Amino acid sequence: EFVCHGRAPSRQAKLSTMAPQPRIVLGALALQLLLAATCSGFRTFQAEIPNGDKVVVDGEPWPGVGHLNKQGGGPRNVFGLAFAEAGKEWTEELCNADADGDGITNGDHLGDPLCIWKKGDVPSRTADITPPGSTATSASVAAPAWVIAHG
């Protein structure tokens, strides 16, 4: 029990020190919801593109495929911008485009070189999946062997 200058606190003082302020509780709840949406939002888009959960850069997973940040969230890379422009859907046009200008189509990067993948399908290739729009890393990512072999 608290003692204030030699006397016990009033009932109101006890309640105010025990119960969290409504604004603090609401603020904390809003922050949790915002963080949950931010941290899991891009994962839902991984299912909208072939091998969205298998992109690798320098041997490390790159789950934020459409973002500059490896983990997702924040500013989008050129592929993320193109994906948004395509209505956040895998289209033949998006597949055939070369978002990062490295000479490899988005579909080639993501294992759908023929641009026939549909949501829920297994892509024609599930290995050597590289980022289709990471200008920071695409220069250091060598063309996969299948691109060299099949031109």
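Helices (H or I, at least four residues) and strands (E, at least two) are taken here as DSSP runs, numbered from the N terminus. On that basis the protein has six helices and two strands, and the order along the sequence reads α-α-β-β-α-α-α-α. This is a predicted model, so local features need pLDDT of at least 70 and side-chain atom pairs count only at pLDDT 80 or more, while totals for chains, interfaces and linings use all residues. Residues are numbered from 1 along each chain as its sequence is written, and side-chain values use heavy atoms, with hydrogens and water left out.

Buried means under 20% relative accessible area, exposed over 50% and partly exposed in between (1.4 Å probe, protein chains only).

Now to the inside. A nonpolar core is a set of buried Ala, Val, Leu, Ile, Met, Phe, Trp, Tyr and Cys residues joined through side-chain atoms within 4.5 Å. The largest one holds 14 residues, with Ile49, Val55, Phe79, Trp90 and Leu110 touching the most other members. Two or more residues of this core come from each of α3 (78-85) and α4 (92-96).

Glu48 sits in the loop between α2 (22-46) and β1 (56-57). Glu48 counts as buried because its relative accessibility is 19%. Residues up to four places away in sequence aside, Glu48 touches Phe83, Lys88, Trp90, Trp117 and Lys119.

Methods. Contact means heavy atoms within 4.5 Å.
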